[in-house]
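Please read the numbered points alongside the sequence and the model.

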Amino acid sequence: MGGWLQWGTDQILALQASGSLTLRQVMESFTFLGAELFYMLVMPAVLWCFSASLGIRLGLALLISAGTNAVLKLAFSLPRPFWIDARIRALSVETSFGLPSGHAQNAVVLWGYLAYRLRRWWATAAALLLILAISFSRMYLGMHFPADVVAGWIVGASILVLFIVLEQPVGRWLKQRALATRILAAVLFSFGLLAVGWLAAQWSAGKALPAEWAVNFHRALGGTTPFAPGTLEDIVAGAGALMGFSVGAVLLDHWGRFTDGRGVWMRLARFFVGLVGVLALQLGLNAILPEGDAFRFARYALLGMWISCGAPWVFIAVGLG
């Protein structure tokens with residue numbers, strides 16, 4: 001593994017040595033296109049404003065990918081580049097383990113699925129360019145080795161293919177089941193992800209991490225940022241969001257009254273009202289609920305449910321349906 005790490009380190013040092021402030025800003029822009037915040041804007045926008053069916057599918061694919069990525073990071077417990085070499089600048093902030101790259105993996109899932117649904121050559125070309133740009137930015141910013149990115153591509157492509165193959169047969173099977181059964185399936189799937197994540201965390205906790213990793217981590221990000229890459233936080237958040245979103249999707253489908261957005265002003269109004277609800281829930285739940293994994297799970301579950309069914313219900317109630 002040492003040779004692989006040294007090779008990746010040399011590549012990143014060469015990239016950073018040839019950079020400029022402008023290039024760094026470009027790379028930060030591309031990395032934002034693979035960040036959780038960006039996906040939290042794109043997926044609701046598609047669901048609320050354009051196509052509820054596509055938005056639900058995008059949301060499920062992304063949440064499954066994010067949860068899988070968090071599990072694999074804990075299972076492999078491999079470092080980020082700036083943890084092992086103080087010469088590498090940390091031009092972004094990440095505290096989890098490195099492999100596989102979540103940005104690269106989720107980019108394959110999101111942009112790959114959109115290209116698959118659009119079925120246009122230009123959509124495929126744009127998806128490939130975005131995946132490459134986002135992935136390259138993670139190496140330039142010192143967050144990932146080349147192998148992390150390649151692993152992200154492989155895992156993302158695997159999830160994308162499985163999702164495309166299974167979405168119709170699984171959807172038909174669920175359609176034939178009672179509402180309670182469909183909700184139970186969504187809950188069990190989410191708790192299954194949480195259980196696998198807990199096992200991965202136990203596996204990770206049994207590994208002794210080199211002291212050098214923590215030293216370089218604090219040197220790059222400062223002493224106030226805790227070095228705790230083995231926590232369950234990302235998995236708890238992902239499983240909670242997946243449960244809330246998928247249960248909400250079942251309820252929205254059962255309700256059957258929500259229609260796709262029509263007209264620019266209706267779409268903008270929906271997006272504004274929906275985002276206000278997200279911010280209100282985020283700030284309100286953070287203020288009301290104490291810290292802890294159980295409450296973190298609850299916060300993300302409620303946010304997921306707001307996106308998939310709470311906001312659409314409000315749209316209908318206020319005349320934006």
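This is a predicted model: local features need pLDDT of at least 70, side-chain atom pairs count only at pLDDT 80 or more; totals for chains, interfaces and linings use all residues.

1. The sulfur of C309 lies 16 Å from the closest cysteine sulfur, that of C49, which is too far for a bond. A disulfide is a covalent bond between the sulfur atoms of two cysteines. The criterion applied here is a pair of cysteine sulfur atoms within 2.5 Å, and by this rule the count comes to zero disulfides.

2. Residues are numbered from 1 along each chain as its sequence is written, and side-chain values use heavy atoms, with hydrogens and water left out.

3. Are the two cysteines C49 and C309 buried or exposed? C49 is buried at 3% relative accessibility, and C309 is buried at 1%. Here buried means under 20% relative accessible area, exposed over 50%, and partly exposed in between, with a 1.4 Å probe and protein chains only.

4. Helix α8 spans residues 146-175 and contains L162; helices (H or I, at least four residues) are DSSP runs numbered from the N terminus. L162 is exposed, with a relative accessible area of 51%. L160 also lies in helix α8, but L160 is buried at 14%.

5. Which residues does L160 touch, leaving aside those up to four places away in sequence? They are V108, V109, G112 and Y113, where contact means heavy atoms within 4.5 Å.

6. A nonpolar patch on the surface is formed by V161, L162, V165, L166 and V170, which together have about 440 Å² of accessible area. Such a patch takes residues with over 30% relative accessible area and no salt bridge, its nonpolar side chains being joined within 5 Å.

7. The count of aromatic pairs comes to 17. Rings of Phe, Tyr and Trp (its six-membered ring) pair if their centres lie within 6.5 Å; planes under 30 degrees apart are stacked, over 60 edge-to-face, and the rest tilted. F32 and F38 form an edge-to-face pair, 5.7 Å centre to centre with 70° between the planes. F32 is partly exposed at 34% relative accessibility, whereas F38 is buried at 13%.

8. F82 and W83 form another edge-to-face pair, at 6.4 Å and 85°. Both residues are buried, and F82 and W83 belong to one aromatic cluster with F97, W213, F217 and F227.

Notes
Patches are made of residues with over 30% relative accessible area and no salt bridge: like charges are joined within 9 Å, nonpolar side chains (Val, Leu, Ile, Met, Phe, Trp, Tyr) within 5 Å. Accessible areas come from the Shrake-Rupley method with a 1.4 Å probe; for residues, only the protein chains shown count as cover. A salt bridge is a side-chain nitrogen of Lys or Arg within 4 Å of a carboxyl oxygen of Asp or Glu. Helices (H or I, at least four residues) and strands (E, at least two) are DSSP runs, numbered from the N terminus.
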